[in-house]
Amino acid sequence: MSATGVSVVLAHGAWADGTSWSKVIGALQSQGIPVIAAPLPLTSLADDVHALDQASERLAGDIVLVGHAYAGAVIGATRNERVKSLVYVTALAPAQGETVADVFYRAPAHALAPKLAPDRHGLIWLPGETFASAFAQDASHEEHAMLAAVQRPISPACITSAVGRPLWEERPSWYLIAEKDRMIAPATQRFMADRMRAQVRSYPVDHAPLVTAPAAVVNLILEAVRNSNR
């Protein structure tokens, strides 16, 4: 257990895996904060919540949950009583009765956003060139190549299931708005953050600040950790 008594569980979004959090993990560990990245199967929202809860069992004490993009729906759907606060990193936060798709498609897509469709196995992959054009346009060429190589596909079942009462209605939340996001419209992010009455921090960053602007993400998580310890 950390000196603060609070641990952090990170949840990756669609077309990513736990390695997307590597810069954030190192920074939190240097602060003495126990942290793990939950491996989400991206097969259904229920499966992903179950995987998040199983991963959380590996840590003792109070927990701060952090979700990127799609995983905002996952961290909001857990019923884990040990969760003290939630951190949304340009993440989707459907309200009760909404689906991930409802909020994702709330605003018109950016001109460079990809056209998404399931493959013959019913899974949605992100076209490789999209990592440079829309997912993480501020990343290096090497980072684009790595993101594309380790991406995990998402099932339509993840984004078409209506959620129950989200945890953000009961716990304090923080939200990082990515002003240069080409995947999730910044206006949609602002709408969701305002609706959940989150503590908002807005930066001129792309959709993947955990890769391209990790200090901003770490600072937001540390703010939530400090608040959870009060």
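Author: Buried means under 20% relative accessible area, exposed means over 50%, and partly exposed lies in between (1.4 Å probe, protein chains only). This is a predicted model, in which local features need pLDDT of at least 70, side-chain atom pairs count only at pLDDT 80 or more, and totals for chains, interfaces and linings use all residues. Residues are numbered from 1 along each chain as its sequence is written, and side-chain values use heavy atoms, with hydrogens and water left out.

Reader: How many salt bridges does the structure hold?

Author: A salt bridge is a side-chain nitrogen of Lys or Arg within 4 Å of a carboxyl oxygen of Asp or Glu. The structure holds eight of them.

Reader: Which residue forms a salt bridge with E223?

Author: The partner is R201, with the closest N and O atoms 2.5 Å apart. This pair links distant parts of the chain, 22 residues apart: E223 lies in helix 9 (residues 214-228) and R201 in strand 6 (residues 199-203). Helices (H or I, at least four residues) and strands (E, at least two) are DSSP runs, numbered from the N terminus.

Reader: Is E223 buried or partly exposed?

Author: E223 is partly exposed, because its relative accessible area is 23%. R201 counts as partly exposed too, at 26%.

Reader: Which residues are linked in a network of salt bridges?

Author: The network links R79, R165, E169, E170 and R171. Within it, the side chains of R165 and E169 meet at 2.6 Å, N to O, and those of R165 and E170 at 3.0 Å. R165 has a relative accessible area of 42%, so it is partly exposed.
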